[in-house]
Amino acid sequence: MLQALDDVGLHGDGRILQLNSYENRVFQVFLEDGRAVVAKFYRPARWSDAQILEEHAFALELAAEEISVVPPLVLPPAPDPALVPADESDTDAPLLRLGAPPTLARRGIHRWAVAARCAGREPDLDADDTLRQLGRFIGRMHVVGRRRRFEHRVALAPQVDGTRSVRTLVDGRFVSDAERPAWQAAAAAATAAITAAFDAAAPVATLRLHGDCHPGNVLWRDSGPNVVDLDDAVQGPAVQDLWMLVSGDRTSMARQLDTLLDGYEQFSDFDHRERALIEPLRTLRMLRHSAWLAERWTDPSFPLNFPWFGSAAYWSQQTTQLREQLEAMAEGG
């Protein structure tokens, strides 16, 4: 890993801290010049180069508008080959710097990017001022997101994503035998309700989104929010970047969303029909999370960190939660 950073002109001083990330491999690295950076090594085959570069371009576009995201660093230019000793340039695959400007390094199947370290705390979502400020921030982000569409990134497709997740779990026999009939019935009803909700709200406008805007990806500082980790950037409805910031009972969530929108609508219009999509999106996230665990189960870190996945207790709990979500979706937005 240090050699990979060295190859793109970022020289570590030997101090490395692995950060919590299951999808990619992420490290905080201290450099010889005194800076601290975060290096992300992408899981092979998850995203194409074009998809990663489109995410990077979106982050750079937001940063250029003084919207506090943490964009990738532009990689230093390649050294003159004549100045590189033969034993240092003799590798199995060429080193590529991808992007305009270059933000992604690639050697064979291995790809990595680097960002400045950004510290902060989770936002206090019980404070109305915090919610309004977050709403303003996301509204500004969505102004930029509406300028053009993603061409390579995934488009959120709830009508098919839920069905695909259920198929992954059933075909892979991840659901315990005793719990499979009840879970599968609840999952089928849930996917039908998700599809019905999105069909009822159609047409739903979409834009470029952060895609995974939960409190853990918002680093709060005295100056306000800084958003990190656009790894799940998607084309989707505006409410996808808002619903993970509200919680509690129906009344509490409605009040929190109203407060978020007080700030949001200072910069962006919001289609209030999308309120009815919050519980369908929450249900879809539950199904996709289980399918994500199944798809990564051959990675040794997943059985180690999620030992309960696949147990009868897990699927019993999932069945109960899906039934609760069916009730929540039936209540409407």
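A charge is taken to sit over a ring if NZ of Lys or CZ of Arg is within 6 Å of the ring centre and within 35 degrees of the ring normal. In this predicted model, the charged end of Arg15 sits over the ring of Phe30, 4.2 Å from its centre. The charged end of Arg153 is placed over the ring of Trp47, at 4.1 Å from the ring centre.

Strand β3 spans residues 36-41. Six of its six residues are buried, so β3 is largely enclosed by the rest of the structure. In a regular strand, side chains alternate between the two faces of the sheet. From β3, Ala36, Val38 and Lys40 point one way, while Val37, Ala39 and Phe41 point the other way. Strand β2 (residues 25-31) pairs with β3 in the antiparallel sense, over six bridges. Val26 has Lys40 of β3 as its bridge partner. The two strands form a hairpin with four residues between them. Gly34 lies in the turn and has a positive phi of about 95°. Strand β6 (residues 110-116) also runs antiparallel to β3, joined to it by five bridges. Here Phe41 has Trp112 of β6 as its bridge partner.

Across the whole structure, a search finds 17 aromatic pairs. One of them is the edge-to-face pair of Phe27 and Phe41, 6.1 Å centre to centre with 80° between the planes. Phe27 lies in β2 and Phe41 in β3, so the pair ties together parts that are 14 residues apart in sequence. Phe27 is buried at 15% relative accessibility, and Phe41 is buried at 16%. The rings of Phe309 and Tyr314 are also edge-to-face, because their planes are at 70°; their centres are 5.4 Å apart. Phe309 is buried, with a relative accessible area of 7%. Tyr314 is likewise buried, at 7% relative accessibility. Ring pairs link both residues into a cluster whose members include Tyr22, Phe174, Trp183 and Trp292.

Helix α8 (residues 278-295) has 18 residues. From first C-alpha to last, α8 reaches 25 Å, close to the 26 Å expected. Its buried residues include Ile278, Leu281, Leu284, Leu287 and Ala291. The buried residues of α8 pack against α5, α6, α7, α9 and α10.

His210 is found in the loop between β7 (207-209) and β8 (218-221). Its relative accessibility is 0%, so His210 counts as buried. The His210 side chain reaches the backbone nitrogen of Asp212 at 3.1 Å. Beyond its neighbours within four places in sequence, His210 is in contact with residues including Met141, Asn217, Val227, Asp229 and Asp241.

Conventions:
Residues are numbered from 1 along each chain as its sequence is written. Side-chain values use heavy atoms; hydrogens and water are left out. The expected span of a helix is 1.5 Å times one less than its number of residues. Buried means under 20% relative accessible area, exposed over 50%, partly exposed in between (1.4 Å probe, protein chains only). Contact means heavy atoms within 4.5 Å. A polar contact is a pair of N or O atoms within 3.5 Å; within protein, one must be able to donate a hydrogen and the other to accept it, and residues adjacent in sequence count only if both atoms are side-chain atoms. Two strands pair if DSSP finds at least two bridges between them. Rings of Phe, Tyr and Trp (its six-membered ring) pair if their centres lie within 6.5 Å; planes under 30 degrees apart count as stacked, over 60 as edge-to-face and the rest as tilted.
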